[in-house]
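Subject: Structure for you to look at

Hello,

Here is the structure I promised to pass on. Please open it and keep it beside this email while you read.

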Amino acid sequence: MALASGVRFAARALLRPWALLRGTTLGRTEPAAGGGGDGARRFGSQRVLVEPDAASGVAVMKLRNPPVNALSLELLTELVISLEKLENDKTFRGVILTSDCPRVFCAGLDLTEICGRNPAHCAEYWKAMQELWLRTYLSSLVLVAAINGACPAGGCIIALSCDCRVLADNPKYRIGLNETLLGIIAPFWLKDTYVNTIGHRASEQALQLGSLFPPAEALQVGLVDQVVPEDQVQSTALSEMARWLAVPDHARQLTKNMMRKATADRLLRQRDADTQNFVSFVCRDSIQKSLQAYLEKLRQRKG
Ligand SMILES: CC/C=C\CC(=O)SCCNC(=O)CCNC(=O)[C@H](O)C(C)(C)COP(=O)(O)OP(=O)(O)OC[C@H]1O[C@@H](n2cnc3c(N)ncnc32)[C@H](O)[C@@H]1OP(=O)(O)O
């Protein structure tokens with residue numbers, strides 16, 4: 001698909017991932033615990049563990065950037081590269097995205113990437129965030145989010161860009177876009193993704209209030225598709241995957257593209273402007289102060 005290859009090219013050019021990943025272990029392949037043949041070998045990088053199952057065509061991709069899977073520039077880059085690797089391998093038709101960190105799926109943007117940083121760094125970081133969203137939102141693979149922990153803001157972006165979301169039934173595992181509570185604003189493409197998922201009125205309310213939904217409410221509003229006991233998240237994600245993979249790939253992929261292309265194109269058309277907006281907004285003194293205060297509050301909450 002021309003769009004997909006354009007995005008791929010942009011990822012390489014913008015992120016220079018190989019340079020960024022120098023010194024990491026991306027591409028390392030090792031046998032999975034108890035594993036045997038190729039179908040059981042896992043690969044990945046320092047922050048993304050990939051457990052491929054060639055027989056089923058499904059890979060489990062685990063975020064492992066402790067303690068909370070904050071989306072550092074490195075994690076964003078490694079996620080994009082791992083996904084690209086699976087997309088380029090015709091063996092794979094689906095990916096289950098989950099967390100390797102206890103109690104947290106993903107804490108969202110790594111606030112240290114945008115606090116006290118210069119505009120050039122913030123721009124590079126935001127482009128990486130855009131890239132991850134474009135790559136996941138338009139992926140030709142079936143993506144199922146197995147949400148086994150808290151899922152605020154950027155974590156919710158990842159979940160929203162999947163085709164299906166399964167959330168563990170734990171009242172501490174809240175999900176939603178809480179940007180306003182940090183004094184920042186969700187970009188239009190994230191707003192669009194929210195609207196596409198839960199509708200306009202629910203998004204209007206949830207975005208302004210910065211709502212983080214506990215599981216039952218997340219299910220009710222349509223933010224997740226299933227809420228199940230914690231120990232059943234993985235098996236339910238696999239059952240969901242089987243349901244999606246029962247559909248012929250070409251028909252499902254063309255339909256996905258038809259449903260999502262306009263939303264993605266809107267960002268592709270104004271990517272630079274979106275980056276400039278983000279950078280000029282977060283670099284304002286007042287926004288830096290409120291981000292610093294939020295980070296400080298998180299740090300003090302401990303213990
Ligand atoms: C612009 C639009 C796009 C996206 C916007 C965003 O994504 S902004 C980020 C929004 N994220 C949040 O508001 C989540 C903040 N974190 C939390 O609420 C909790 O950390 C969480 C995820 C519920 C986990 O709680 P837990 O009690 O398990 O961990 P704790 O709070 O003690 O955190 C451990 C250390 O991680 C640091 N940390 C947490 N979140 C972030 C983050 N987003 N960025 C950077 N660092 C983060 C936290 O400060 C602790 O650090 P430490 O030095 O160990 O004290």
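Asn 69 sits in the loop between strand 4 and helix 3. This is a predicted model, so every value below is computed from it. Asn 69 has a positive phi of about 55°, although it is not a glycine. Is Asn 69 buried or exposed? Asn 69 is buried, because 27 other C-beta atoms lie within 10 Å. The cut-off for buried is 20 or more.

The loop between strand 4 (58-63) and helix 3 (73-87) also holds Pro 67. Look at the peptide bond from Pro 66 to Pro 67. That bond is cis, with omega near 5°.

Arg 103 also has a positive phi, of about 70°, and is not a glycine. Find Arg 103 in the loop between strand 5 (94-99) and helix 4. Arg 103 has 15 C-beta neighbours inside 10 Å, so it counts as partly exposed.

Now the whole chain. How many helices and strands does the chain have? There are 12 helices and 10 strands. The chain has 303 residues, and 45% of them are buried. Take the contacts between residues at least 6 apart in sequence. Of these, 72% join residues at least 24 apart.

Next, the core. In soluble globular proteins, nonpolar side chains tend to be buried together. Here, the largest nonpolar core has 85 residues. Which residues have the most contacts inside it? They are Ile 96, Val 144, Ile 147 and Ile 175. Helix 4 (residues 119-137) gives the most to this core, with nine residues.

Ala 153 lies in the loop between strand 7 (151-152) and helix 5. Ala 153 is buried, because 24 other C-beta atoms are within 10 Å. Setting aside residues up to four places away in sequence, Ala 153 touches Gly 108, Leu 109, Leu 177, Asn 178 and Glu 179. From Ala 153 to Gly 210 is 57 residues along the chain, and their C-alpha atoms are separated by 9.0 Å.

Follow the chain on to Cys 162. Cys 162 is in the loop between helix 5 (154-160) and strand 8. Cys 162 counts as buried, because it has 23 C-beta neighbours inside 10 Å. Beyond its neighbours within four places in sequence, Cys 162 is in contact with Leu 97, Thr 136, Leu 143, Val 144 and Ala 145. Val 144 is one of the residues with the most contacts inside the core. Glu 78 is 84 residues from Cys 162 in sequence, and 17 Å away in space, C-alpha to C-alpha.

Asp 169 is in the loop between strand 8 (164-168) and strand 9 (175-176). Is Asp 169 buried or partly exposed? Asp 169 counts as partly exposed, because it has 16 C-beta neighbours inside 10 Å. Asp 169 and Pro 229 are 60 residues apart in sequence, but 5.1 Å apart in space, C-alpha to C-alpha. Pro 229 is also in contact with Asp 169, as are Pro 215, Val 227, Val 228 and Glu 230.

Gly 44 shows another pairing across the sequence. Gly 44 lies in strand 2 (residues 41-44). Gly 44 is buried, because 24 other C-beta atoms are within 10 Å. Ser 82 is 38 residues away in sequence and 6.6 Å away in space, C-alpha to C-alpha. Apart from neighbours within four places in sequence, Gly 44 is in contact with Leu 49, Val 50 and Ser 82.

Last, helix 10 (residues 249-269). Helix 10 has 21 residues and reaches 28 Å from its first C-alpha to its last, close to the 30 Å expected. Where does helix 10 bend? Helix 10 bends at Arg 260, by about 50°.

Best wishes

Terms used:
Residues numbered from 1 in each chain as written. Predicted model: local features only at pLDDT ≥ 70, side-chain atom pairs only at ≥ 80, totals over all residues. Helix = DSSP H or I, 4+ residues; strand = E, 2+ residues; numbered from the N terminus. Buried ≥ 20, exposed ≤ 12 C-beta atoms within 10 Å, placed from the backbone. Contact = placed C-beta atoms within 7 Å. Expected span 1.5 Å × (residues − 1). Bend = angle between axes of the 7 residues up to and from the residue. Core = buried A, V, L, I, M, F, W, Y, C linked by C-beta atoms within 7 Å.
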